[in-house]
Amino acid sequence: MKSNKRIIPKPSFKLQNIIQRLQKESILYTEFLELLQKATDSMYENAELEFELLLSNGLPLEFDGDFIFLKTKETPIEEQTFCVVDIETNGGSAKKGFQIIELGAVKYKNGQIIDKFESLVFAKEIPPYVQEVTKITPKMLEDAPRLENVLKDFKIFLEDDVFVAHDIKFDYTFISESFEKYNLGKLLNRKICTIDLAKRTIESERYGLGFLKELLNIDVDNHHRAYYDALTTAIVFDKSLENIKKSNNSKIKTVEALIAFSKSDNVINNNQKRS
């Protein structure tokens with residue numbers, strides 16, 4: 001006789017489970033290697049090789065004696081370098097064959113822009129609607145570097161900094177999928193969405209970059225060009241941090257606390273909650 005009892009499969013153990021634990025506590029290195037071997041989405045059977053891969057993919061890990069910890073859990077916000085990124089593309093998904101046509105980024109630390117990255121990218125086709133919005137034409141890309149070379153340079157530029165973007169899901173995913181396409185690994189950098197952060201720190205009717213730019217009187221030209229939008233995003237990010245500082249919220253001092261706050265239901269400027 002068959003049993004009516006439903007068998008529920010156990011959830012698989014993944015790298016994300018290890019990262020979630022690191023957000024709470026340090027892990028003994030030997031145990032960390034054991035956990036890597038258990039992860040069903042690891043690339044290598046050799047856990048030490050997997051550990052090196054995590055580092056090369058931007059996961060900010062550090063040793064403290066025999067323990068591994070997430071640097072962003074301990075790093076004060078003012079000591080962290082944030083890489084603020086924007087891309088222009090000729091379509092909606094790298095997996096569907098579209099590509100980046102411009103990549104711009106600025107490095108922000110403690111209220112200052114300390115470095116920048118800016119490059120057009122060679123592409124054969126740009127749909128008319130993309131040309132209209134970005135003002136990037138095929139002629140402008142004829143002598144631009146190939147995508148693989150731009151991605152290699154950007155990966156070196158990014159290091160293990162916190163990745164910041166206005167609509168993080170699009171930029172982070174598109175770049176990560178582009179990395180994978182050229183065997184450059186994938187993004188494991190900690191990340192912050194300035195739309196999410198702005199909703200919790202800036203009073204506004206809307207949170208599109210163009211609207212916030214007007215609201216905050218940000219004097220940056222060339223909207224919908226990657227470097228200039230990255231620069232605008234950095235200023236929005238700076239304004240959010242300034243408002244957090246003014247609020248004297250003692251819980252938002254470290255980078256991981258900032259990441260958690262950006263995803264929370266808390267709002268520092270008023271008593272209303274926003275989703």
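In the hairpin formed by β5 and β6, two residues lie between the strands, and N110 adopts a positive phi near 50°. The model is predicted. β5 (residues 100-109) also pairs with β4 (residues 82-89), and nine of the 10 residues of β5 are buried.

- Strand β5 and strand β6 (residues 112-120) are antiparallel and are joined by eight bridges.
- Within this pairing, L103 has S119 of β6 as its bridge partner.
- Strand β4 (residues 82-89) also runs antiparallel to β5, and eight bridges connect the two.
- Strand β5 is mostly covered, with nine of its 10 residues buried.
- In a regular strand, side chains alternate between the two faces of the sheet.

**The sheet of β1, β3 and β2**

- Three strands make up an open sheet with the order β1-β3-β2, and their pairing is antiparallel.
- β1 (27-28) and β2 (61-64) are the edge strands, each of which pairs on one side only.
- Strand β3 (residues 67-70) is joined to β1 by two bridges, and these strands run antiparallel.
- The bridge partner of L28 in β3 is F67.

**Helices α1 and α2**

- The axes of α1 (residues 15-22) and α2 (residues 29-38) come within 9 Å of each other and cross at roughly 150°.
- Because this angle falls in the range over 145 degrees, α1 is roughly antiparallel to α2.
- The crossing of α1 and α2 is right-handed.
- Helix α1 contributes L15, I18, R21 and L22 to the contact, while α2 contributes E31, F32, L35 and L36.
- By class, this contact of α1 with α2 comprises six nonpolar residues, two charged residues and no polar residues.
- An α-helix has 3.6 residues a turn, so residues three or four places apart point the same way.

**Helix α9**

- Helix α9 (residues 194-201) is mostly covered, as six of its eight residues are buried.
- The buried residues of α9 are T194, I195, L197, A198, R200 and T201.
- These buried residues pack against two strands, β7 (162-165) and β8 (191-193).
- They also pack against the helices α10 (209-215), α11 (226-247) and α12 (255-262).

How values were computed
Residues are numbered from 1 along each chain as its sequence is written. This is a predicted model: local features need pLDDT of at least 70, side-chain atom pairs count only at pLDDT 80 or more; totals for chains, interfaces and linings use all residues. Side-chain values use heavy atoms; hydrogens and water are left out. Axes are lines fitted to C-alpha atoms, for helices over the stretch in contact, and angles run from 0 to 180 degrees between N-to-C directions. Helices (H or I, at least four residues) and strands (E, at least two) are DSSP runs, numbered from the N terminus. Angles under 35 degrees count as roughly parallel, over 145 as roughly antiparallel, 65 to 115 as roughly perpendicular and the rest as oblique. A crossing is left-handed if the near helix is turned anticlockwise from the far one by less than a right angle, and right-handed if clockwise. Contact means heavy atoms within 4.5 Å. Ala, Val, Leu, Ile, Met, Phe, Trp, Tyr, Cys and Pro count as nonpolar, Asp, Glu, Lys and Arg as charged, and the others, Gly among them, as polar. Buried means under 20% relative accessible area, exposed over 50%, partly exposed in between (1.4 Å probe, protein chains only). Two strands pair if DSSP finds at least two bridges between them.
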